[in-house]
Structure formats: C-alpha cells, structure tokens
Number of protein chains: 2
Amino acid sequence: MKSFDTVAIVGVGLIGGSIGLALRERGLAKNVVGIGRTQATLRTARRLGAVTQTTVDLPKGVKEAELVVLCTPVGRIVEQVRQIARHAPEGTLITDAGSTKLSIVEALDGPLDRGCRFLGSHPMAGGETVGPTGATADLFVGKVVVMTPTPSTQAQDFDRIEQFWSDLGAVVVQMTAEQHDRAVGLTSHLPHAVAVALAASVPEEYFRLVGTGMRGTSRLASGGPEIWTDIFLENQENVLAAMEQFGVQLTRLVAAIRRKDGAALLEILTEAKARRDAFASRSSDR
Amino acid sequence: MKSFDTVAIVGVGLIGGSIGLALRERGLAKNVVGIGRTQATLRTARRLGAVTQTTVDLPKGVKEAELVVLCTPVGRIVEQVRQIARHAPEGTLITDAGSTKLSIVEALDGPLDRGCRFLGSHPMAGGETVGPTGATADLFVGKVVVMTPTPSTQAQDFDRIEQFWSDLGAVVVQMTAEQHDRAVGLTSHLPHAVAVALAASVPEEYFRLVGTGMRGTSRLASGGPEIWTDIFLENQENVLAAMEQFGVQLTRLVAAIRRKDGAALLEILTEAKARRDAFASRSSDR
C-alpha cells in the first residue's frame, strides 16, 4: 500500500464517488480533487466525504495530481486525457473506468504531453444507480478490475495502477483491449441491451402485474441513457456480435415452444440453469 | 379475518411453504397439512414450522381440509384437483397458485365431485429460489394475487378465497383467465425466457467477467426447469406473442446500433428508462 498526496477524480458519480470514499477511508490519498461539470454533484460528493476539494475547471483540478482517474462517459475520455496531460505535473499517471477500452487505449497509446502516461482500466462494478449518492467505500471489494496494457506500457506504471486498484480491494485481471471489449460486449453490454428491449416491451396496462421477475430482469434499463448510448456506439461490433449470439439462443427457445417440444425445452432450461448457477457462483460480484 | 380448522397445501416449496408459514404465524389455521412427493421436502417444511402434519398420500392429506391450495407445477394441477374432490369433505374449496390459468380454469369449471369447487389464483410472488428453505411468512405482503373467476363461480366462494389471500397480506386483482394468461405471458413468462436465452449465451471463458448486470438480468434462469417447461407449454401462444413483441424492440435497438445512430439510440434508451422507472415504482413488488 502506497499512498498519494493528491489524486484527481474526473466525474464523481457512483464510480468516481466510490473511488474517492475508498481512498479517503483507507488513508490512501491526502487530497482527493473532485472534478465535475455541475456544482450540485460536486457539492454532494464533498458532503459525502468522497472528495476534499472540488472544481469544474479540469486544468486547475489536475494541477497537483500524481494520479488522475477518469470516471466520465467513454465518448469523452480521449479528449479529456489529452487536456489533462497538458496541465498535470510532469509524468502524471492517468487511468480511467470506462466500459470500453479499444478505441480509448489506441488513441492514447504511448507518451502524452509532459511525459504523462495513460493506462486503461475497467472496474466491473456498479449498477443502475446514477450519481454520487449510491457511492460506497467498499464498491470495489472483491470485484474484478480489468487492466489493458499495450506493448508500450511501462512495467512500473502498470504495477502502480494495479496497486491502486488492489488497495481499493479489487482483483486485477490483465488482458488486451480487444479481448476486453469482446468479453464485456457479451458479459456487460448484452444484458443491458436485453434489459432495455424488455422494459420497452411492457405496455402500461400491465404495469401493476409486474413482479420480482420482470423488475430484476429489466433493472439495467434504468441506467443512464447517455452513458449507454456512448458504450453501444464505442463497442458497436462486439455488442452486435453478442446480440446475435443471444438471438440464436432466443430462436432456439422460440422454436421449442412453437413445436411444443417438452423434452427440448427441458433440456434448454436445464442447460441454462447449470450455466447461470456456475457463473453466478464463480463471478467476482455476488 | 376468518380462520380455518384445516388447510391442506399440496406442494410445500417456496410458495406452499410461505403460505403455511403465513397461515400459522397469523393464526389463520389450526392445522396445516403439507402434502408432497418426497419425505425430505416435507421434513424441511415441518422443521421450518410451515406445516403441522405431512403426508405423501394426497387422498389422506385432504380428508379433513376445508381449503386445499395447490402449489404444484401447472401441468399437474387439473388431475390433482379432480383427485382431491373425490376425497375431500363435501363442499371443500380448492384453489391453486399456478402461473397459468386458462387451461386449468376451463378444465375445472363448474361443480366437481362431492360439491367441491375450484377457483383459480395466481400469487405474483416468488423468485428463483426452489424449495421450502426460502419460504417466508411475509412473502405475499403487498404482492398482487390474480383471481380468475368464471360465470359459474359463486360469489361467496370468491369472497372466501379473496379473504384468504388478503389475510396473507396480498392485494387481490380480478380478471378473466384469458386476460391473466396474456398479461403474465408478457410480465412474467417473457422475462424468464429472456433470462434463459441470456444465460445460455455466456461462454465459460467469460464467467469470471460476469458482474452485477449479467447476474441480475439472468437470475431467473436459475429457476426450476420442470416448472418452466410446463408454463411455456401451457401458455404457448401468449409466450410466443410476448417474445415476438420483445423481438421487435430488440431489432429496433440492433438497427440503431448497426447504423451508429446516436440520436435514435438515446431516444430508445431514454424511453425504456422512463418505462422501467414507471413500472418499477408502481408494481406491487419492490
């Protein structure tokens, strides 16, 4: 465990707010600067104790940061990192929490202005909550954080960021940005797409008959529309591939129901249960 | 609140066990007879205090019942009700907790043997848990129970069963069996089908990258395969119609992602969020 003098967090919503809380509760940073677009969110983050200082001015906010963590929508990360590199101290490390990695990591590979370096991260944590109010210091405990180094990533930079996430309680997994985007297209973006289509299917007259099942299965559809528009656009190919794979399984199920094939149905449901039981017990996030 | 001397519960899993617990904790029945196929489940139900007596012999179990509640897979209910009517006391009321209603209610409409009468019920409660261990006395509190009377249903029978569910804390909603099956095809059976297809789409190599989103969205796939095979077969037409409606929404989403149409995507996601937020706050089951 190595602590920082100053960490800057750009975007103090659920993820950024939780990073701030964890850094402060674990004594990992003296100063945590929260950088955001609206005073209201920044005030909330400060009130919750997630940050020690706040500003809406990105250049000013990163002026003394040893580490900058971007928790902003994926469509904005590349531009913000370039701006940060022009204003942060020499050699500042920059990482992110974006749900897609390839386009970001490709655009920011190699040394940036003033010797700053960027490494891609993706903490597999969160939920449908938006904003800092849902933030908790233990959000990352036991959760997987994927890091996506490139051939030009320096080993000591990787180690430093890996240590940072480990210090928040996370389990770091390393893969290429391509591998990451393909995997999350299926494990994270597909369920979101499915939840959205499901929520869109419920007519108003049936709202009172919605029970636990529909509520849970559609929960992700309550997530932030802007964030997810960005993610679907950024990871277009992998999301479409995952949706196609899902479509194949859905068609198989429709076919068995259509021909009233009880044996085939039982087999599909038994297989799906075994698979779901297996990944629910093995996945990092209970 | 009117209490019973003896209520028989056929099938003491999550629903049956919870009915037993609620009856006993609220002092609504002196004797609760648990009827099941395996001694192990019956023993668990007795140990949990959900039933006072148990038997694997259906005729024997209903011999003194004023009310019989069937909590067995929908494919078995019609036959079991007919058998119960041959062995229960004159005029015994019989209801069920089956997730589909039309075929059951049609088959059992009108007076049965020995003046027994059947009324269809569907408590919209439950989850992915199977077996009595997850049973709780307050499972039905604030939940909707749909009752599906027919023209031949007697008013005092309806009132008695309505009182029974109200006494367990539920909100009774009345509709025809056709209306019920169409509605739950969408609100309950569709999310199950979607969760199954989603779970089936996750390759083993990605299990460790499964997070909160996939876990929650696929949760229903861990439900009992036999029960759900029955339900999909029983409610075939409505399930297929609901899956088609879902397919339309999914295709709309795929199309917007394929043509990288950010404006259309944002609109779809914003609409789905509004819809989901609305039914999640209005539905009976938080």
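The model is predicted, so local features need pLDDT of at least 70 and side-chain atom pairs count only at pLDDT 80 or more, while totals for chains, interfaces and linings use all residues. Residues are numbered from 1 along each chain as written, chains are lettered from A, and side-chain values use heavy atoms, without hydrogens and water.

**A covered strand**

Let's begin with strand β8 of chain B, residues 144-147; strands are DSSP runs of E with at least two residues, and helices are runs of H or I with at least four, numbered from the N terminus. B:V144 and B:V146 on one side of β8(B), and B:V145 and B:M147 on the other, are all buried (under 20% relative accessible area, with exposed over 50% and partly exposed in between; 1.4 Å probe, protein chains only). Strands pair if DSSP finds at least two bridges between them.

| Partner of β8(B) | Sense | Bridges |
|---|---|---|
| β7(B), residues 121-123 | antiparallel | 3 bridges |
| β9(B), residues 171-174 | parallel | 4 bridges |

B:H122 has B:V146 as its bridge partner in β8(B), and B:M147 has B:Q174 in β9(B).

**Where the chains meet**

B:R258 belongs to helix α10 of chain B, residues 236-258, and counts as exposed at 52% relative accessibility. Beyond its neighbours within four places in sequence, B:R258 is in contact with A:Q236 and A:L240 (heavy atoms within 4.5 Å). The copies meet through the same surface, because 100% of chain A's interface residues are also interface residues in chain B.
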